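Let's take a friendly look at the aromatic rings of a protein model. Have the sequence and the 3D view ready as you read.

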Amino acid sequence: MSDWDAEAVRARLRTKILRYELRAPLPEAEVRAFEVEHGIRLPEEYRTFVTTVGDGPAGPEYGLMPLVTPRPEADDDWAVDGEWEDDRRPGRLAAPCPIREPRPFDLNRRFDEREGLTLGTLMLAEQGCGTYSRLILNGPLAGQVWHLDQDFGTCLPESPDFRTWYTDWLEKGGTCTSRTPPG
């Protein structure tokens, strides 16, 4: 199911516990232009979220990253903004995603950039310390949300799809699970 009840999500975000706001949804034409520019089709649950509910920032961890326009604070020199920009380099989102199975944390292994662990994925949220929730865009795991730690090359499944990832966060009270958000 790809339809979202935008008002229910927004109402939940406005509750006394959460007090989060979402940016306005993106116009369909803007999302389609993003897909054409990057040679991809966004997974339906995520696509309909940004076109009917909102384009971040209310979301898991340090917040849902915007799809098309950088965060207003992007000039604050946070690593997450560089990651966001990297995702928008030509060919990166359409590249084959190399993730096929979980790779647990190993203190003796470091991320090798040549592996291209983040290729074919879209960063959804920063978890802190070089770890991110990423949406897989292509390959056998397309549509799933995975935890990626780029320092150690760790990749673990977080959720079977964007809808589950986001609604699980809402059900948990919508709190930041890592540390105090930057800024």
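Which residues form one aromatic cluster? In this predicted model, the cluster is made up of Trp 4, Tyr 46, Phe 49, Phe 162, Trp 165, Tyr 166 and Trp 169.

The structure holds nine aromatic pairs. Two of them, which both involve Phe 162, are set out here.

| Pair | Centre to centre | Angle between the planes | Arrangement |
|---|---|---|---|
| Trp 4 and Phe 162 | 6.1 Å | 65° | edge-to-face |
| Tyr 46 and Phe 162 | 5.1 Å | 75° | edge-to-face |

Start with Trp 4 and Phe 162. Their pair links distant parts of the chain, 158 residues apart. Trp 4 belongs to the segment before α1 (6-13), while Phe 162 is part of helix α5, which covers residues 162-171.

Now turn to Tyr 46, which is found in helix α3 (residues 44-52). Because its partner Phe 162 lies in helix α5, this pair ties together parts that are 116 residues apart in sequence.

Finally, which residue has its charged end over the ring of Trp 4? That residue is Arg 163, and its charged end sits 4.3 Å from the ring's centre.

Terms used. Residues are numbered from 1 along each chain as its sequence is written. This is a predicted model: local features need pLDDT of at least 70, side-chain atom pairs count only at pLDDT 80 or more; totals for chains, interfaces and linings use all residues. Side-chain values use heavy atoms; hydrogens and water are left out. Rings of Phe, Tyr and Trp (its six-membered ring) pair if their centres lie within 6.5 Å; planes under 30 degrees apart count as stacked, over 60 as edge-to-face and the rest as tilted. Helices (H or I, at least four residues) and strands (E, at least two) are DSSP runs, numbered from the N terminus. A charge sits over a ring if NZ of Lys or CZ of Arg is within 6 Å of the ring centre and within 35 degrees of the ring normal.
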